[in-house]
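Subject: Structure handover

Hi,

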Amino acid sequence: MASVQYREIEGRSVGFYGLLSGLALVIAGGLAAAWAMEHHGHVITGMSNRIVWGTPHVFAVFLIVAASGALNVASVASVFGRELYKPLSRLSGLLAVALLAGGLAVLVLDLGRPDRLIVAMTHYNFKSIFAWNIFLYTGFFAVVALYLWTQLERRMNGYTRPAGMLAFLWRLVLTTGTGSIFGFLVARQPYDSALLAPLFIVMSFSFGMAVFLLVLMAACHWSGRVLGDALLERLGRLLGVFVAAVLYFVAVHHLTNLYIARQTDLERFLLWDGGIYPLLFWVVQILIGGVVPLVLLFSGRTSRARGALAAAAACVVAGGFAQVYVIIIGGQAYPQLIFPGKEMSSSFLDGVVAGYVPSLPEVALGLGGVGLALALTVLGLKVLPFLPRSLADGKPDSATA
Amino acid sequence: MKPERRRFLGWTAAAAAAATLGPGLRLVELALARSPEEAASTLQRWGLLIDTASCSDCDACVTACHEENGVRGHNRPLTDAQWIRKVSLRDRRTGFAQTLPLMCQHCEHPPCVDVCPTGASFRRADGIVLVDKHTCIGCRYCVMACPFGARSFVHEPVSGQKPDVPRGKGTVESCTLCVHRVDRGETPACVEACNRDGGAAMVFGDLNDAAGELHRRLRTAPSTQLRADLALNTGVRYQGL
Amino acid sequence: MARIAAAILAASLAAAPLADAGEKRAGRVALPVVKITKGGDCVAPTDEMRRNHMEMLLHQRDRTMRQGLREKRFSLKNCVECHASRDTGSVLGKEGFCSSCHAYASVKIDCFECHTPMRQVPTAGAPR
């Protein structure tokens, strides 16, 4: 095993402080939004008793799902023994923790009573998958911290593999838990499916890898580190496989629903006449988030170009947001079936598709979470040696991965 | 009780305060139908029967509920709390039209209780499903889980609450079956109003009480539970659906 | 012995802020206003109430909420009934029984986010 030299980023340039200040502004915007929501109530958001979870949850779920996916590169290195990825596994762990922190911050600040967070830590209903997720999320921090320690502390290096295995299994369970938040909603047709757990797992592979790639390329570019073409190409191909896997699960989910008579109206809504949701589904999720990246990543002409790789990753992120939006918002907009075979009307707009427009506080809060995740990553890179000095190709043992 | 209390106080102040409440209390009030110091019990299962054939085109139940519980809106139907709502149904095939009140169904296996992370959403021993607002963190997972759209998140600051019905911004609430009235031996406000001003379509009672009117009505004529496919064993039953 | 020690401790704890405030802080922090317009004894001696009223309320809260035990004695409604100001009918406000002391002690009250701070308007013939 060739020894890899890690080094903190210098973090003294104007660009560095500019980046941090920009992120701080975004975070401040998120906090201001949270304060306004807390002060005035959720009435200032686009959320309602029909669209119960809105844009903050889209951001939070994306970040949480991406967090567990960002750990993939590390898992591939330590669990599956691919030496090529090993130099990247520290960044992978850091990004995972940062993304999860960003997502959880959004989730917590959106609560009706964020001041009662302590209640969520002291009162548990163990039948609730949400309660389990509280343990899974906090446990994830601990497990990844342990994993990073085994990597950063030379004397602990021998334990990296078991720690990596633990982190890998934990993240699978964590994403199963996140998917099950929706999968266990028996009363809502768009959810209520065991398929959501594995779907969320492949989504996490894909979104996490895309975010990881973008952060890696930016970090190396801005800190003047060499980033080998072969390494990037391989990461890109891995991303392509994940994107294809997501498309497969999405197809299976919709095909299953199309086969069930009770669900065909729902499918018509989601895929055809549901307004913004089919548009987001076909154009952003499938075309931009699926087809375009696959073409960019696998066509012979573009697969080696860095710009194409970055574009593919950005497309996956955009498609991922659209996918989570369609799942969360679209799934709630569709009216609940209480009286089969009857048209329903009421002051609660039963039987009618619920309208929803994301509001400024919601978007600001969500972006604040993204800002927090990125700021934590940037600070982490400055204070601890997470990035190798060079990621150039051509180390004799790395080409065999 | 007094000497006992003194001894307690000598041990630790905090423990004393908690421990003496129990014995001290029993002296205070006299036994009534169900006295204030008698806990809700599983011997009872409170429920409702709604006869849609008698349900007239009025909203007496809604008005009475919201008056009783101090639920006031701001003319924003999607963010205002709606503990009970009148629903109009029209058969897609035949055009047959009906109307009925819809509220928390007080399930035996409530999905809202299953999903609540803190246990704030709970089912009392006598079957009434409630939100403990002291431990509700406002995550709205229960609103997502309810099959009937019966839960409301309080989107705006509230003032002028009724002493028996605390309500506050940032927590979730729903029909309590007028638990404060039931505990006094009265019927829920909606039922009272329906019998007085409406079509007398609602019956309140104990599903376990074979001698009661509710039990008799359910025993002698067919009734349905909403979303019976979910096997929630609802406490609210409908006839004529 | 323990009993005496506890009593001394309790007394000093209860008296400390008042004595302290009288000398040093009078100019800076407004002293709590304790105006009790309704006569008679509270549900427990004053020093016990000062120290433990929150425990009593918490205990009664869970009994009422979870078990439907609506004993009047330690109920918040009962507290408000006696302690609400005669002028405003409330336990909150500038000279409110709850709010002025809590402002002094700098402890946030969460009760009245949901519960009404107002005394019930007495109606003739009402059961309570």
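Below are the conventions, then the findings on chains A and C.

This is a predicted model: local features need pLDDT of at least 70, side-chain atom pairs count only at pLDDT 80 or more, and totals for chains, interfaces and linings use all residues. Residues are numbered from 1 along each chain as its sequence is written, chains are lettered from A and ligands numbered from 1 in the order written, and side-chain values use heavy atoms, without hydrogens and water.

Chain A, helix α12. Residues 306–333 form this helix of 28 residues (helices are DSSP runs of H or I, at least four residues, numbered from the N terminus). From first C-alpha to last it reaches 39 Å, close to the 40 Å expected (1.5 Å times one less than its number of residues). A kink of about 30° is centred on A:Val326 (the angle between axes fitted to the seven residues ending there and the seven starting there). In α12(A), 21 of the 28 residues are buried, so the helix is largely enclosed by the rest of the structure (buried is under 20% relative accessible area, exposed over 50%, partly exposed in between; 1.4 Å probe, protein chains only).

Chain A, helix α11. A:Val291 sits in this helix, residues 276–298. A:Val291 is partly exposed, at 37% relative accessible area.

Chain C. It has four helices and zero strands. The order from the N terminus is α-α-α-α. Of its 128 residues, 30% count as buried.

Best wishes

Notes. Helices (H or I, at least four residues) and strands (E, at least two) are DSSP runs, numbered from the N terminus.
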